[in-house]
Amino acid sequence: MTAGAALDLRDRVRDVPDFPKPGIVFKDLMPLVADAAYFRETIDRLAELAQQKRPDIILGAEARGFIFGGALADRLGCGFVPARKPGKLPWETVEAAYDLEYGTDSLQVHADAIRKGTRVIIHDDVLATGGTAKAKTELVEMLGGEVVGLLFVIELAFLSGRDKLTGYDVESLIQY
C-alpha cells in the first residue's frame with residue numbers, strides 16, 4: 001500500500017455465519033477494532049462526517065457503540081452518553097422500546113444526560129432494521145435534544161433500516 005492510500009475497512013470485517021442464529025451472517029467488527037491502523041481510520045472517517053454537524057454529545061448504544069462512540073467523542077472534543085439495556089444505569093432514566101423479531105426490548109439513558117437544545121449524533125456500529133436507532137432518536141428527543149445525525153460503521157441496506165429514520169441525516173461508512 002502506498003503512503004496516504006485509504007484503507008478498505010471491509011478488509012477487517014469478518015463474516016460469522018449462523019450467528020446469533022441459523023441463517024444470519026453476523027458482521028464482526030472486532031478484527032477492525034483490534035487493528036490500530038484500521039480503528040484509527042474508522043474513527044477518522046466518522047469524525048470527518050460528524051465534525052460538520054457540530055455535536056455537543058455522541059450517544060452510543062452498548063456495547064460496540066461504546067467503543068466507537070467513546071473514541072469519536074474524544075476525537076471531536078465532545079461528551080459521550082451511553083444508551084444501555086434496562087437496569088444497567090444507576091440514576092433516574094428515561095426509556096424507549098423497540099421491536100425485535102420475537103418481542104420487544106428497550107434502551108435507557110440517564111434523565112439528565114441530555115439537556116434541551118443539545119446537539120446529538122447517534123452512533124452505533126451497525127444499522128440493520130433501524131429499530132434500535134429509532135429508539136435512540138426517541139430518547140434524545142424525549143429529553144429535548146436535537147438529533148443532528150446518525151452515524152454507523154456498517155449499514156445492512158438490504159434490511160431497509162433507513163426507512164425507519166426518514167427525516168434524519170443518516171450516514172454509514174460501509175454498505176452491504
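Two strands count as paired if DSSP finds at least two bridges between them. With that in hand I looked up β8 and β9, and they pair in the parallel sense over five bridges. Strands here are DSSP runs of E, at least two residues, and helices are runs of H or I, at least four, numbered from the N terminus.

Housekeeping: this is a predicted model, where local features need pLDDT of at least 70 and side-chain atom pairs count only at pLDDT 80 or more, while totals for chains, interfaces and linings use all residues. Residues are numbered from 1 along each chain as its sequence is written, and side-chain values use heavy atoms, with hydrogens and water left out.

**The sheet.** I traced an open sheet of five strands, in the order β4-β3-β7-β8-β9, with parallel pairing. Its edge strands, pairing on one side only, are β4 (79-83) and β9 (170-175). On average, neighbouring strands are turned by 20° against each other, direction ignored; such angles run from 0 to 180 degrees between N-to-C directions, with axes fitted to C-alpha atoms, for helices over the stretch in contact.

I then checked who faces whom. Phe 152 stands opposite Ser 172 in β9.

Buried means under 20% relative accessible area, exposed over 50%, and partly exposed in between (1.4 Å probe, protein chains only).

**Helices on the sheet.** I found α2 (residues 36-51) packed on the sheet, touching β7 (119-127), β8 (146-155) and β9, at about 150° to β8. Contact means heavy atoms within 4.5 Å. Helix α4 (residues 131-142) lies across β3, β7 and β8, at about 165° to β7.

The largest pocket has a volume of about 1,200 Å³. A pocket is an open set of points on a 1 Å grid over the protein atoms alone, where a 1.4 Å probe fits, with protein on both sides within 12 Å along at least five of seven lines; lining residues have an atom within 4 Å of a point. The volume is the space filled by probe spheres set on the points, which are joined across faces, edges and corners. Of 36 lining residues, the closest to the centre are Pro 20, Phe 26, Leu 100, Ala 128 and Thr 129.

**Asp 99.** I found Asp 99 in strand β5, exposed at 59% relative accessible area.
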